[in-house]
Amino acid sequence: MTPIPNLNIVPFVSVDNMMKLILKIGIEKFLTDLAAYVEDDFLRWESFDKTARVAAHSIDGVIELMPASDHSLYAFKYVNGHPKNTREGRQTVTAFGLLADVSNGYPTLLSEMTILTALRTAATSAVAAKYLAPKNAHTMAIIGNGAQSEFQAMAFKAMLGIKNLRLYDVDPAATKKCTANLKKFGFDITPCGSVEEAMHGVQIVTTATADKQCATILSDNLVGAGLHINAIGGDCPGKTELHRDILLRSDIFVEYPPQTRIEGEIQQLPEDHPVQELWQVIAGQAQGRKSAGQITLFDSVGFAIEDFSALRYVRDQVRQTPFFEELDMLADPDDPRDLFGMILRAA
Ligand SMILES: NC(=O)c1ccc[n+]([C@@H]2O[C@H](COP(=O)([O-])OP(=O)(O)OC[C@H]3O[C@@H](n4cnc5c(N)ncnc54)[C@H](O)[C@@H]3O)[C@@H](O)[C@H]2O)c1
């Protein structure tokens with residue numbers, strides 16, 4: 001076991017080490033354990049400092065900072081969303097994040113979060129579905145088969161026992177990639193030629209498309225009674241996936257209303273349209289699914305507490321492994337006030 005180094009050295013989890021950590025733990029266990037951290041933190045929701053993320057929008061995408069603190073730990077994530085990036089061989093979403101000790105302000109972990117965001121988004125989706133999806137759901141449609149899609153499938157398999165997947169993407173190459181990646185995990189996979197075909201006989205649909213516009217990925221006629229909708233792709237002002245009529249027929253569950261009202265599917269609705277906060281359902285203060293015929297919608301945009309949980313989980317796991325580097329990121333003069341002298345002595 002490699003001990004975490006002294007306070008002035010910050011453990012850094014690179015992309016390479018994150019992949020090694022996931023493979024060592026196992027992806028389904030990673031997702032399930034991470035989901036437990038997310039649930040734990042949602043249970044203590046009221047003790048967190050919360051803020052809607054700070055977003056810098058451009059014509060091509062968005063760059064966001066996402067802070068959260070429980071007064072003992074502080075975390076932030078830097079994340080972008082640029083749907084056009086894949087055409088240039090880049091990811092739509094990339095991220096990194098930092099965990100710090102509130103008592104002295106020192107960073108205690110720096111980590112890649114491109115992969116970790118996909119994992120935490122999937123874990124959070126599965127947590128929501130645990131409370132909202134119909135009992136004994138076995139088949140899920142995934143519309144949008146890009147970077148997030150396999151993570152969603154794996155989390156729903158690990159936590160809800162989803163075995164059958166119906167996949168659709170406007171780009172058949174994405175569906176082919178998703179099908180090939182998931183082949184060895186025991187799913188029964190049906191690649192589909194349209195959204196209509198993908199929705200046939202499903203109890204859950206995950207929408208994970210990337211397009212910087214108000215799109216209609218799902219139209220109202222495709223949504224039958226009892227469906228659970230896990231909508232993760234509408235996460236920016238002017239970027240939605242569901243027809244407004246679906247929202248009017250659904251019971252809507254959100255992470256942090258002040259952020260979701262701006263970024264989520266509910267940006268299409270009046271400010272006072274009733275929504276239920278997911279943490280209250282987890283805490284037993286509100287009901288999740290009430291009836292078999294109810295349409296439930298998790299209007300996911302991704303909230304900072306999920307990243308806080310993910311960084312906390314990685315910090316706890318990586319301690320047991322050699323999968324981090326030691327970053328010389330904090331100045332450490334012998335006399336804390338002699339920062340200048342430290343430079344002179346380095347000559
Ligand atoms: N809610 C969250 O917490 C959260 C977290 C991460 C990503 N996201 C969002 O999820 C979405 C997917 O992210 P990604 O990293 O997988 O992106 P990606 O670019 O890798 O994949 C998106 C896929 O959607 C497909 N697509 C686009 N328009 C479509 C349409 N009309 N019908 C069917 N398929 C369509 C594209 O061909 C592509 O394969 C993005 O919008 C991203 O911003 C949300």
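N136 lies in the loop that joins helix 3 (114-132) to strand 7 (139-143); helices (H or I, at least four residues) and strands (E, at least two) are DSSP runs, numbered from the N terminus. Although N136 is not a glycine, its phi is positive, near 60°. N136 is exposed, with 8 other C-beta atoms within 10 Å. A residue counts as buried with 20 or more other C-beta atoms within 10 Å of its own, as exposed with 12 or fewer, and as partly exposed in between, the C-beta atoms being placed from the backbone. The model is predicted, and local features need pLDDT of at least 70, side-chain atom pairs count only at pLDDT 80 or more, and totals for chains, interfaces and linings use all residues. Residues are numbered from 1 along each chain as its sequence is written.

H71 is exposed, with 10 other C-beta atoms within 10 Å.

Which residues of helix 1 are buried? Within this helix (residues 15-25), they are N17, M18 and L21. They lie on the same side of helix 1, because they cover an arc of only 105° around the axis, the arc being that of the directions from the helix axis to the C-beta atoms. An α-helix has 3.6 residues a turn, so residues three or four places apart point the same way. The face turned away from the buried side carries the exposed residues D16 and L23. The buried residues pack against strand 1 (10-13), strand 6 (107-112), helix 3 and helix 10 (304-318), where contact requires C-beta atoms, placed from the backbone, within 7 Å. After helix 1 comes G26, with a positive phi near 100°.

How do helix 1 and helix 3 meet, and at what angle do they cross? Their axes come within 9 Å and cross at roughly 40°; axes are lines fitted to C-alpha atoms, for helices over the stretch in contact, and angles run from 0 to 180 degrees between N-to-C directions. The two helices are therefore oblique to each other, since angles under 35 degrees count as roughly parallel, over 145 as roughly antiparallel, 65 to 115 as roughly perpendicular and the rest as oblique. V15, M18 and M19 of helix 1 make the contact with T114, I115 and L116 of helix 3.

Helix 3 also supplies at least two residues of the shell around the ligand, as does strand 11 (214-218).

Note on methods. Contact = placed C-beta atoms within 7 Å.
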